[in-house]
Amino acid sequence: QVQLVESGGGLVQPGGSLRLSCAASGFTFSTYAMNWYRQPPGKERELVASISSGESTKYTDSVKGRFTISRDNTKSTVHLQMYSLKPEDTAVYYCNTHRVIYFKQYDYWGQGTQVTVSS
């Protein structure tokens with residue numbers, strides 16, 4: 001059974017930092033790409049960052065230069081290090097992965113962790 005559990009969210013002031021973690025189990029973690037999504041209040045979910053099994057990374061433009069995604073395959077964990085946080089970064093952050101079986105994509109999600117950036 002695939003399980004993704006996020007942690008590390010909280011309340012921070014603008015300009016502050018947080019490090020999110022996602023503990024994965026139930027699949028061969030090292031062979032899967034991992035993603036961080038976020039959903040601000042009243043807005044749609046968006047992809048924030050991705051890391052491939054080969055550890056190449058991609059970021060949405062709004063977080064480029066401020067966020068860093070990384071993975072630790074020995075601990076089956078993916079991280080999102082966030083610097084210079086802005087109020088618009090406030091959202092529920094979700095860990096995600098997927099697999100394709102017979103041309104159909106299956107997505108797996110964690111429960112989410114709340115990040116609030118406010119004075």
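The legends below describe close-up views of a predicted model. In this predicted model, local features need pLDDT of at least 70 and side-chain atom pairs count only at pLDDT 80 or more, while totals for chains, interfaces and linings use all residues. Residues are numbered from 1 along each chain as its sequence is written, and side-chain values use heavy atoms, with hydrogens and water left out.

**View 1. The salt bridge between R66 and D89.** The two side chains meet with N and O 2.8 Å apart, a salt bridge being a side-chain nitrogen of Lys or Arg within 4 Å of a carboxyl oxygen of Asp or Glu. R66 lies in the loop between β6 (57-59) and β7 (67-72) and D89 in the loop between β8 (77-82) and β9 (91-101), so the pair ties together parts that are 23 residues apart in sequence; strands are DSSP runs (E, at least two residues), numbered from the N terminus. R66 is buried at 11% relative accessibility, and D89 is buried at 1% (buried means under 20% relative accessible area, exposed over 50%, partly exposed in between, with a 1.4 Å probe and protein chains only). Through shared partners, salt bridges join R66 and D89 with R38 and E46 into one network.

**View 2. The salt bridge between E46 and R38.** The closest N and O atoms of this pair are 2.7 Å apart. E46 is partly exposed, with a relative accessible area of 26%, whereas R38 is buried, with a value of 3%.

**View 3. The salt bridge between K64 and D61.** Here the N to O distance is 3.0 Å, and D61 is exposed, with a relative accessible area of 62%. The whole structure holds 4 salt bridges.

**View 4. A nonpolar surface patch around F103.** I101, Y102, F103 and Y106 make a patch of about 560 Å², the area coming from the Shrake-Rupley method with a 1.4 Å probe, where for residues only the protein chains shown count as cover. Patch members have over 30% relative accessible area and no salt bridge, like charges being joined within 9 Å and nonpolar side chains (Val, Leu, Ile, Met, Phe, Trp, Tyr) within 5 Å. F103 sits in the loop between β9 and β10 (104-109) and is exposed at 85% relative accessibility.

**View 5. An open sheet of 4 strands.** The order is β1-β3-β8-β7, with antiparallel pairing, where two strands pair if DSSP finds at least two bridges between them. β1 (3-7) and β7 are the edge strands, each pairing on one side only. Within the sheet, β3 (residues 18-25) runs antiparallel to β8 and is joined to β8 by 6 bridges; S21 has H79 of β8 as its bridge partner.
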